[in-house]
Amino acid sequence: MLQSLIFDMDGTLFQTDKILELSLDDTFNHLRTLNQWDTSTPVDKYRKIMGVPLPKVWEALLPTHSDEIRKYADDYFLKSLVANIKKGKGALYPNVKEVFSYLKENNCSIYIASNGLKEYLEAIVDHYDLNDWVTETFSIQQIQTLNKGDLVKTIIKKYDIKQAAVVGDRLSDINAAKDNSLIAVGCNFDVAQEDELAQADLVIDDLIELKTVVPKINNSLLI
């Protein structure tokens, strides 16, 4: 039986797209006032790489800038994201709380493993009261390698998990499952990519499908 489900946050539980452009625009407008940027905000570029750790994001978005400016932009972006979450401008994906309630009722513990920063994740968890269901939320900041597989391994070790699935929309989530011999559930949501999802064990189009998928996984584990 599945003991646990480990969820990604951005693009899986939280509709990051709703605040992404707002916060990126805010950040790059600020960089313009500092004469550190003079073209359009690279929203599309960020969407393509969404899911990678933020240091990698700023290397891609600000390839010719110093590490100091990248760190400055990162800090500013984080503050803007948190402010927009607290203002209620973001949203969970449909059926998150219904699925979480179902999992808890069926003795399946819930964890979040994200490449997002701790302050950002706490803002989402607090705003939407996710701690009513989630045992613990883990940020990539908690490990040195910036590798999501290692982050998932941290959860498995801490909670002595034997059977689990990782639910996420990007290749980093699928690889994190496979690196730890777990089941990879791909989410075909906003920024998911077909070639990445093809590597998952199974793919869902809505979180509500977990109510039928989890019993099927349990049946397959019993065989």
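Helices (DSSP H or I, at least four residues) and strands (E, at least two) are DSSP runs, numbered from the N terminus. The model is predicted: local features need pLDDT of at least 70, side-chain atom pairs count only at pLDDT 80 or more, and totals for chains, interfaces and linings use all residues. Residues are numbered from 1 along each chain as its sequence is written, and side-chain values use heavy atoms, with hydrogens and water left out.

**View 1. The lining of the largest pocket takes its largest share from helix 8.** A pocket is an open set of points on a 1 Å grid over the protein atoms alone, with protein on both sides within 12 Å along at least five of seven lines; lining residues have an atom within 4 Å of a point. A volume is the space filled by probe spheres set on the points, which are joined across faces, edges and corners. Here the volume is about 220 Å³. The lining has 18 residues, and Gly51, Val52, Leu171, Ser172 and Asn175 are the closest to the pocket centre. Helix 8 (171–179) supplies at least two residues, as do helix 2 (43–49) and helix 7 (148–159). The share of helix 8 is five residues. By class, the lining has seven nonpolar, six polar and five charged residues. Ala, Val, Leu, Ile, Met, Phe, Trp, Tyr, Cys and Pro count as nonpolar, Asp, Glu, Lys and Arg as charged, and the others, Gly among them, as polar.

**View 2. Helix 6 gives the most to the lining of the second largest pocket.** The volume of this pocket is about 150 Å³. Helix 6 (118–127) and strand 3 (134–139) each supply at least two lining residues, and helix 6 provides five. Among the lining residues are Lys118, Leu121, Glu122, Thr135, Glu136 and Gln142.

**View 3. The largest cavity draws on helix 4 and helix 8.** A cavity is a set of grid points where a 1.4 Å probe fits but cannot get out. The structure holds one cavity of 30 Å³ or more. About 220 Å³ of space lies in the largest cavity. Of its 20 lining residues, Asp10, Tyr46, Met50, Gly51 and Gly116 are the closest to the centre. Helix 4 (67–86) and helix 8 are the elements that give two or more residues to this lining. Eight of the lining residues are nonpolar, six polar and six charged.

View 4. Two strands pair if DSSP finds at least two bridges between them. Strand 1 (4–7) and strand 2 (109–114) pair over four bridges. Leucine 5 has isoleucine 110 of strand 2 as its bridge partner. Contact means heavy atoms within 4.5 Å. Axes are lines fitted to C-alpha atoms, for helices over the stretch in contact, and angles run from 0 to 180 degrees between N-to-C directions.

**View 5. Helix 5 packs with helix 10.** The angle between helix 5 (96–105) and helix 10 is about 30 degrees, with the axes 10 Å apart. That makes helix 5 roughly parallel to helix 10. Angles under 35 degrees count as roughly parallel, over 145 as roughly antiparallel, 65 to 115 as roughly perpendicular and the rest as oblique. Glu98, Val99, Tyr102 and Leu103 in helix 5 meet Leu210, Lys211, Val214 and Pro215 in helix 10. The contact has six nonpolar, no polar and two charged residues.
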